[in-house]
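Please keep the sequence and the model in view while working through the numbered points.

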Amino acid sequence: LLLFTISFSGETRYNKDKILQGQGVDEPLSATGFRQADAAGLFLSNVKFTHVFSSDLLRAKQTAAAILGKNRFCKDLEIKYDARLRERKYGVAEGKPLADLKAMAKDAGEQCPSFTPSGGETLDEVRERARDFFEFLCQLAVELEQKEHVKPGAPGRSSATSGEQFVFPWTNHCSEAEPSSAGSGSSTVLDANILVVSHGAYMRNWIGYMVSDLNCTLPANLTKSQLSSVSPNTGVSHFIIKLENGNLLKPSITCVCLNQDSHL
């Protein structure tokens with residue numbers, strides 16, 4: 001069983017001014033962005049993560065550090081930076097107003113979300129990065145499970161009876177059961193509880209991949225517009241992934257909540 005929580009990076013002044021950053025503009029968080037990241041950290045402060053991964057762009061790195069800084073259990077956990085989590089590359093449109101990208105798309109006779117500026121990444125290329133990283137996470141969980149089985153008599157890494165790593169702040173906002181209350185409960189073992197900090201357009205593509213290619217189960221009250229919208233800054237999404245018998249080809253994925261922003 002793998003849980004992962006995704007947070008969108010905090011606000012930068014370019015976000016506020018509706019200027020595309022992509023990969024080529026590496027802005028730090030604004031004062032508002034730091035406040036948002038701290039609020040996300042307090043929101044997640046009782047969740048015991050086993051791993052933290054972040055985009056290697058500055059705004060994501062600062063958000064991840066702020067979230068961990070507020071955590072009761074994981075302040076000293078190493079943040080691993082991964083280029084596969086970078087925002088979509090927008091090529092010649094980076095550093096320019098979003099309105100310019102829309103104008104480029106219109107001139108090309110295309111819709112803005114699917115339009116690829118010169119030097120930018122296609123949506124398929126972004127999705128491939130997301131697929132590659134997701135498969136890496138699943139492989140990580142399987143390897144952790146296998147290591148546990150090699151240690152006879154060793155206590156489970158995080159059986160549901162320990163409780164603390166199942167303290168998720170969104171249980172009051174979502175109808176999906178958490179692992180500790182699913183099935184027999186006490187037999188549930190969490191192989192990895194992973195925090196991922198990334199970016200809006202990238203995460204929208206990643207979630208699209210999980211829904212369309214992997215048949216992710218969505219919350220019953222989620223609308224199509226909510227599914228296709230970009231997360232607010234430091235919005236939080238949470239997924240439960242079950243890999244039956246270590247089968248990486250057919251993960252069972254449940255989205256517990258999408259773009260949760262009650263901490264803002």
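1. Lysine 61 is placed over the face of tyrosine 81, 4.8 Å from the centre of the ring. Arginine 84 is likewise over a ring face, that of phenylalanine 136, at 4.8 Å from the ring centre. A charge is said to sit over a ring if NZ of Lys or CZ of Arg is within 6 Å of the ring centre and within 35 degrees of the ring normal.

2. The model is predicted: local features need pLDDT of at least 70 and side-chain atom pairs count only at pLDDT 80 or more, while totals for chains, interfaces and linings use all residues. Residues are numbered from 1 along each chain as its sequence is written, and side-chain values use heavy atoms, with hydrogens and water left out.

3. Phenylalanine 136 also takes part in ring pairs. Rings of Phe, Tyr and Trp (its six-membered ring) pair if their centres lie within 6.5 Å; planes under 30 degrees apart count as stacked, over 60 as edge-to-face and the rest as tilted. By this rule there are nine aromatic pairs. In one of them, phenylalanine 53 and phenylalanine 136 have ring centres 5.5 Å apart and planes at 85°, so the pair is edge-to-face. Because phenylalanine 53 lies in strand β2 (residues 51-54) and phenylalanine 136 in helix α5, this pair ties together parts that are 83 residues apart in sequence. Helices (H or I, at least four residues) and strands (E, at least two) are DSSP runs, numbered from the N terminus.

4. Are the two partners buried or exposed? Phenylalanine 53 counts as buried at 3% relative accessibility, whereas phenylalanine 136, at 30%, counts as partly exposed. Here buried means under 20% relative accessible area, exposed over 50%, and partly exposed in between (1.4 Å probe, protein chains only).

5. Phenylalanine 133 and phenylalanine 136 form a tilted aromatic pair, with 5.5 Å from centre to centre and 45° between the planes. Phenylalanine 133 and phenylalanine 136 are three residues apart in helix α5, so about one helical turn separates them. Phenylalanine 133 is buried, its relative accessible area being 0%. Ring pairs link a cluster made of Phe4, Phe53, Phe133, Phe134, Phe136, Tyr202, Trp206, Tyr209 and Phe239.

6. A nonpolar core is a set of buried Ala, Val, Leu, Ile, Met, Phe, Trp, Tyr and Cys residues joined through side-chain atoms within 4.5 Å. The largest such core has 33 residues, of which Phe4, Phe134, Trp206, Met210 and Phe239 touch the most other members. At least two residues of this core come from each of β1 (2-8), α5 (123-150), β4 (192-198), α6 (200-212), β5 (236-242) and β6 (252-260). Helix α5 gives the most, with ten residues. A second, separate core has 15 residues, including Phe43, Phe49, Leu68 and Val236.

7. What does phenylalanine 4 touch? Not counting residues up to four places away in sequence, its contacts (heavy atoms within 4.5 Å) include Phe134, Trp206, Met210 and Phe239.

8. Helix α3 has twelve residues and reaches 16 Å from its first C-alpha to its last, close to the 16 Å expected at 1.5 Å a residue. The expected span of a helix is 1.5 Å times one less than its number of residues. Among the buried residues of α3 are Arg59, Ala60, Ile67 and Leu68. The buried residues of α3 pack against β1, α2 (31-43), β2, β3 and β4. Helix α6, with 13 residues, reaches 18 Å, close to the 18 Å expected. Its buried residues include Tyr202, Trp206, Tyr209 and Met210.

9. Under "binding site", an unreviewed UniProt entry lists Arg59, Glu87, Arg88, Lys89 and Tyr90. UniProt positions are given in the numbering used here, feature names are shortened, and annotations may be inferred rather than shown by experiment. Arginine 59 is in helix α3 (residues 58-69) and counts as buried at 3% relative accessibility. Leaving aside neighbours within four places in sequence, arginine 59 is in contact with residues including Asp26, Glu27, Glu87 and His199. Tyrosine 90 is in the loop between β3 (79-81) and α4 (98-107), and is buried with a relative accessible area of 8%. With the neighbours within four places again left aside, the contacts of tyrosine 90 include Leu20, Gly22, Leu101 and Ala201.
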